[in-house]
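Reader: I'm new to reading protein structures. Could you walk me through one, feature by feature?

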Amino acid sequence: MNDGFQRLHSAVQYHVANTLGWPGLRPLQELASGPLTEGRSALLIAPTAGGKTEAALLPILSRMLSEDWRGLSVLYISPLRALANNLEPRLNQLAGMLGRRVALWHGDIGQGQRRAVTREQTDLLLVTPEAVEGILCGSRTDHRALFENLRVVVVDELHAFAGDDRGWQLLALLDRLQHLTTGALQRVGLSATVGNPEALLQWFTAGNDPGVVIQPPTETSSPPEIKVDYVENLENAAQVIASLHSGEKRLVFCDSRARVEELAYLLRERQIEAHASHSSLSAEARQLAERAFAESSNCVIVATSTLELGIDVGDLDRVIQVDAPSTVAAFLQRLGRTGRRAGTSRNCLFLATDADALIRTLALLHLWRQGWVEPLHPPPLPIHVLAQQIFALVHQESNLREADLSEWLRGFLDASRLRGSRAEELLAWLQEEGWLRHLDGRLWLGDKAEARFRGKRFTDLLSVFSAPELFTVLHGRREIGQVHGSSLAGKDEAPPVLTLGARSWRVTRSDHNRRVVFVESTDATGKSRWLGSSRHLRNEHCTAAREVLAGEIPSHLLSRRATTLFAELRDDFAWLEPDGDVPLEVLPNGRLRLWTFMGGLANALLRQAIATLTDCTAGQPQQFYVDLACPGNPEEVRSRLWAMADPARPDIGEDERLPPLKFSETLPAATLSEVQGARYTDSSALERLRHAGIRLVMNTL
C-alpha cells in the first residue's frame, strides 16, 4: 500500500480493503490523506468521478476516530438540495462502516427530522448554505450547542459558489461557525478544474490556515470523441437524438428549463423514454426521473446544469449538448460524465440549433484544445452581502456588540476588502436610514429591517439570491413542480396547457392568492415559461470566436451539415483577421456594425460611451458586435469613433437588464452604482478598442 493509505486510521484501512473491496486509493485520495489527517485546510481538484468525496471523507473519518470526536463534528455543504440528497446514501455508507451517523438538513427536511439531529448523536450533517443561515438565525435550534464541537467544514463543488454572491455568504458563514466552535475549523473544498486554483484556495481560507491545493497529475487517456452537428432547430435536435445511439443511456444538456421541457416532450413524441431534470421540478419528480434513468439502459434524460454538479445518475454512454455551455469548465464537467466504464471513452456530441450557436461551440472547443479554463473570481464589492450578514448576525446574537462585528466576519472582510472605512460607512448608513439601531455600543434591528424580515418574510434573509415568485403545480395532492405566472395565459380563453416533467398538463383551476394551480393530464402540446437572466460571454470566448471565424475549418470536428454552414460563415467573414483592427462593417441597409468580439458586458459599456461621446445611436449590445445608426458617411463615423476620448466609466442603467442585486435597497444610491459598475463592465476589453485601429469593411452582398 502507498503512504497515503498508511496515514488512515486502521479501522478505515480495514473497511477500505474489506467492506469497499478497493485494491488501493486513487491518486487524489493518496495525495489528500496526509494533509487532511494532519488537520490542514485544502482545496481538492479533480474532474467528475475523480473520487473527491472519498478523498475528503476517509481522512476526516480517520481524524474523527483518532481524536474521538463526539457530537456534530463535520458539516458537509452542498450547493443544491438535490445533490445533498444524492450524496446522503454514499456518505452514510462511509460513516456507517465506522459506527458514525449522517443526517440531512435543508428546506425539504421537516421539523421532526431536524429535531432528531439535535437529539441524537449525528456526526456529519449535509446542508446547503441557506440551511446553515436558517440554523444560525432561527429560534428553534440552539446553534451554539449544535456547532460547539464542529471540527471540519467540507464544501462540495466549491467552484459553483465562488463565482457569485453565494460564495461571499458561504465565506461569512464559515467565519461565524469558527466563532462558535471550541477549536480551529479545518476547511476542505472540492472543485472541478479551475484556471486559478491557488487564488481560489486563498479566497476560501481567508483569515485562516492557508492550506494546500491537492491536484493529481492529469491521467493520460485516449482523446475524447467530440463531434459538432448543425440541426437548425430543437425539433430536428430531437429527431437526431431519437435516431442515434439506440440502446444507450444519453444525458442531454440544454441552457434553459423551457428548452429542457420542450426537448424532453419532443423525444417522448418520438417514442423515446425521456425524462426531464431541472430546478423547478419537485424533488419527488426529479428523484423519480433520475432513478428511472439510472435503472434503464435505453433512455434519455434532458437536464439543465443541475446534473453537471456531481449528482449520480449511473453510468452514461453519451453526453449530448444542445448549443454550447457558457464556460469551458462546464464542458469539462459534462464531458467527465462519460468514459467511466472500462472499454469506453469520453464523448460529447454538440447539436447547434443556429449559426451563432455553432460559432460559440467552436470557440469553446478552440479554448479547450489550448488547455485554457476560466479563472474564478468572486464578484467584487459585495457590500450588499455585508448588509445581509450584519442583519443575520444581529438576528443570530440578539445582543451584538458593534466592536465585535469585524471579528465575527474576519475572513469575509479581508477577502472582500471591505474592512475599515467601507464597513464603517455602511454601518453608519444603515443606522441613519433606520435599518439598524445603536444602543450602548450594541446593534439591534431597526424599524425598516423588522418590517422587511417580519413573519414569513424572515426566510428572505437567509439567501443572497432572489427567486421569482412561481406557481406550484399540483396533480391532485402530488406536486409536479413550479412555473412562472406567464405560463398561465391561455390562448382564446382556453385553459392553458403546461409542459412539466416531459408531460403535458391542462390547468383546471388557479388560486392566485396561494399561487397554486391544479392540473389534469392531457395529450395536447403545452409550454411552460420561467424567467432567467442571459449570460454574457467572457472576452476570451469572444476572442476565440474571432480566431475560429478567421481560421481553418476544423473538419475533424464537424458533421457534413456543420461543415457546410461553417464554410458559408467563413465566406461571410472573409474580411475578418484573427487579430488586429476592429472591423466597422457597412451593412446592406446602410447601418453600421462594430465587430468588437468583446462580450456583452464590454459592449454594454461601449454602447453607453458611444451614446455619451458621439452623435451615434447604438442598438442593444450583442456578444460579438454593436449596431450603430450615425449621421455622416462611414469614413466620418470611423474617424469619430477612433477619436473618442478615454471616457470615464459611465453608470450602467436598468436598460441593460443587469442581474438584480438582492438587498440593494439597503445601500446608498452612489454605492449601488459603484458596485454595479465594478461588476458589470469589462474595461480591460475596452482598452483593446481604444488602442486598436478601426478598419472600415464594405458588405458587398
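Reader: In what sense do strand 14 and strand 16 pair, and over how many bridges?

Author: First, some ground rules: this is a predicted model, where local features need pLDDT of at least 70 and side-chain atom pairs count only at pLDDT 80 or more, while totals for chains, interfaces and linings use all residues. Residues are numbered from 1 along each chain as its sequence is written, and side-chain values use heavy atoms, with hydrogens and water left out. Next, the words: helices (H or I, at least four residues) and strands (E, at least two) are DSSP runs, numbered from the N terminus. Two strands pair if DSSP finds at least two bridges between them. Here, strand 14 and strand 16 (residues 442-445) pair in the antiparallel sense, over 2 bridges. Look for Arg401, which stands opposite Arg442 in strand 16.

Reader: What is the strand order of the sheet they belong to?

Author: The order is 14-16-15, an open sheet of 3 strands with antiparallel pairing.

Reader: Which strands does helix 17 lie across?

Author: For angles, axes are lines fitted to C-alpha atoms (for helices, over the stretch in contact), and angles run from 0 to 180 degrees between N-to-C directions. Contact means heavy atoms within 4.5 Å. Helix 17 (residues 383-397) lies across strand 14, strand 15 and strand 16, at about 100° to strand 16. Helix 20 (residues 421-432) lies across strand 15 and strand 16, and runs at about 100° to strand 15.

Reader: How many disulfides does the structure hold?

Author: The general idea is that a disulfide is a covalent bond between the sulfur atoms of two cysteines. The cut-off used here is a pair of cysteine sulfur atoms within 2.5 Å. This structure holds 1 disulfide: Cys616 and Cys630, with sulfur atoms 2.1 Å apart. The pair links distant parts of the chain, 14 residues apart: Cys616 is in the loop between helix 24 (600-613) and strand 24 (617-618), and Cys630 is in the loop between strand 25 (625-629) and helix 25 (634-642).

Reader: Why is the disulfide of Cys616 and Cys630 right-handed?

Author: Check the torsion about the S-S bond: it is about 120°, so the disulfide is right-handed.

Reader: Is Cys616 buried or exposed?

Author: Buried means under 20% relative accessible area, exposed over 50%, and partly exposed in between (1.4 Å probe, protein chains only). Cys616 has a relative accessible area of 5%, so it is buried. Cys630 is buried too, at 18%. As for Cys254, it is in no disulfide, and the nearest cysteine sulfur, that of Cys348, is 12 Å away. Cys254 also counts as buried, at 3% relative accessibility.

Reader: What is the strand order in the open sheet of 5 strands?

Author: It goes 24-25-23-22-26, with mixed pairing. Strand 24 and strand 26 (694-698) stand at the edges, because each has a single partner strand. Strand 24 pairs with strand 25 in the antiparallel sense, over 2 bridges, and the bridge partner of Ala618 in strand 25 is Leu628. Helix 24 lies across strand 23 (592-595), strand 24 and strand 25, running at about 20° to strand 25.

Reader: Where does the kink in helix 5 lie?

Author: A bend at a residue is the angle between axes fitted to the seven residues ending there and the seven starting there. In helix 5, a kink of about 35° lies at Glu88, shortly before the proline Pro89.

Reader: What span should helix 5 have?

Author: The expected span of a helix is 1.5 Å times one less than its number of residues. For the 16 residues of helix 5 (residues 81-96) that gives 22 Å, and the end C-alpha atoms are 22 Å apart, which agrees.

Reader: Which residues does Leu94 touch?

Author: Leu94 is found in helix 5 and is buried, with a relative accessible area of 2%. Not counting residues up to four places away in sequence, Leu94 touches Leu20, Glu54, Leu57, Leu58 and Leu61.
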